[in-house]
Amino acid sequence: MDEKITLAIESSCDETSAAILRGGRQVLSNIISTQIPIHQKFGGVVPEIASRKHIVNIMPVIDEALAKAGVELADIDQIAVTYGPGLVGALLVGVSAAKALAFTLDVPLIGVNHLEGHIFANFISHQDLKPPFMALVVSGGHTSLVHVKDYNSFSLMGQTRDDAAGEAFDKVARVMGLPYPGGPQIDKLAQEGNPNAIDFPKALQEKGNYEFSFSGLKSAVLNYLNSMKCKKIEIDKADVAASFQNTVIEVLIAKALSAVKEVGCNTLVLAGGVAANSSLESRLRAATEKAGIRFCYPDKILCTDNAAMIGCRGYYQSLASNFADLYLNAVPGLELQDL
Ligand code: KG4
Ligand code: ZN
């Protein structure tokens, strides 16, 4: 077994994180410094503040990751870093730190796509997991179905045409007066509501369509809230949250199961921040069980942004000699591409 030591860095949004991995799946440390309390008072991530906080946090977080793993800088064999997608200023902090360390330590640099990282979090949580499988990536910025054919071979089945699932959760929460990030708030509120109370629309329902669209649903929720307000009818916030969440979940489950069926694989993995949604996880579990499909999702700490998942992805890239040079730059709009 290859026992390469990887230092991984993640700074794409509002978490500064560094991790040390031995091989691809053994996490020696995974330090996450979140900025959520700072951005909460603005109702969302303020990019300039995020970049500044990453600059302050990056070296202490790397030092802590090394100390917790009991590893010296001299022991590092390679450095993996998120170079997109994300906020450009935030990404640049991680990319610059990674390049400086790779240059001074004279070790290979690996540029990692954040979304691929989310998928690879599953390899850490499920040590026996192997491709091929279907991945449903649901994060704040993306909603995609990816056929993972092998560790370094993917095919994009479909993605969102407009808002991502997490983005819709955050926007709906915001108009309901709930704090940022809205996903966990809606999740909590929905537990007390009736998921069938309000009939919200589902987009792109045709068979074989693996694209998503959540912007119409978001507008439908806003229209519902406004029209109730105009009519001076008191709304049950829990019912709105539960009905909205139910609509998102039904779309995600139907498309994911049909994608699994189309490619003929037998495993579905869930990835990204929205994977932390309790109802999505339990309903996907039930649906896959019924269909005889294996279902995997990462431990909660690996669902949200973290460097361990970036290290895992980076390790498998290194096996395919997929390294970056010191010209590596942040690519804020980096897409998930066929590989
Ligand atoms: O993957 P992530 O940490 O960041 C991106 O790469 O975008 O995802 C963050 C998203 C946010 O939109 C947040 O509201 C959502 O994940 N989220 C949730 C839950 N926890 C986080 N959405 C629904 N239910 C949750 N429990
Ligand atoms: Zn993410």
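Start at Gly 166. One of its backbone N or O atoms lies 3.2 Å from an oxygen atom of ligand 1. I call that a polar contact, meaning a pair of N or O atoms within 3.5 Å; within protein, one must be able to donate a hydrogen and the other to accept it, and residues adjacent in sequence count only if both atoms are side-chain atoms. Gly 141 also has a backbone N or O atom by a ligand 1 oxygen, at 3.3 Å. For Gly 273, the backbone atom, again N or O, is 2.9 Å from an oxygen of ligand 1.

How much of ligand 1 does the protein cover? It covers 88% of the 560 Å² of accessible area that ligand 1 has on its own. Those areas are Shrake-Rupley, with a 1.4 Å probe; for residues, only the protein chains shown count as cover.

A word on the model. It is predicted: local features need pLDDT of at least 70, side-chain atom pairs count only at pLDDT 80 or more, and totals for chains, interfaces and linings use all residues. Side-chain values use heavy atoms, without hydrogens and water; residues are numbered from 1 along each chain as its sequence is written, with chains lettered from A and ligands numbered from 1 in the order written.

Now the shell. Ligand 1 has 19 residues around it, and the closest are His 118, Gly 140, Asp 170, Asp 187 and Gly 273. The cut-off is a heavy atom within 4 Å. By class, five are nonpolar, 11 polar and three charged. Nonpolar means Ala, Val, Leu, Ile, Met, Phe, Trp, Tyr, Cys and Pro; charged means Asp, Glu, Lys and Arg; the others, Gly among them, are polar.

Domain 1 (5-119 + 303-319) and domain 2 (131-298) each give at least three residues to this shell. Those bounds come from an automatic or database domain assignment.

Last, the backbone. Which peptide bonds are cis? Gly 84 to Pro 85 is cis, with omega near -10 degrees. Pro 85 is in the loop between strand E4 (78-84) and helix H3 (88-105). Helices (H or I, at least four residues) and strands (E, at least two) are DSSP runs, numbered from the N terminus. Pro 131 and Pro 132 are also joined by a cis bond, omega about 5 degrees.
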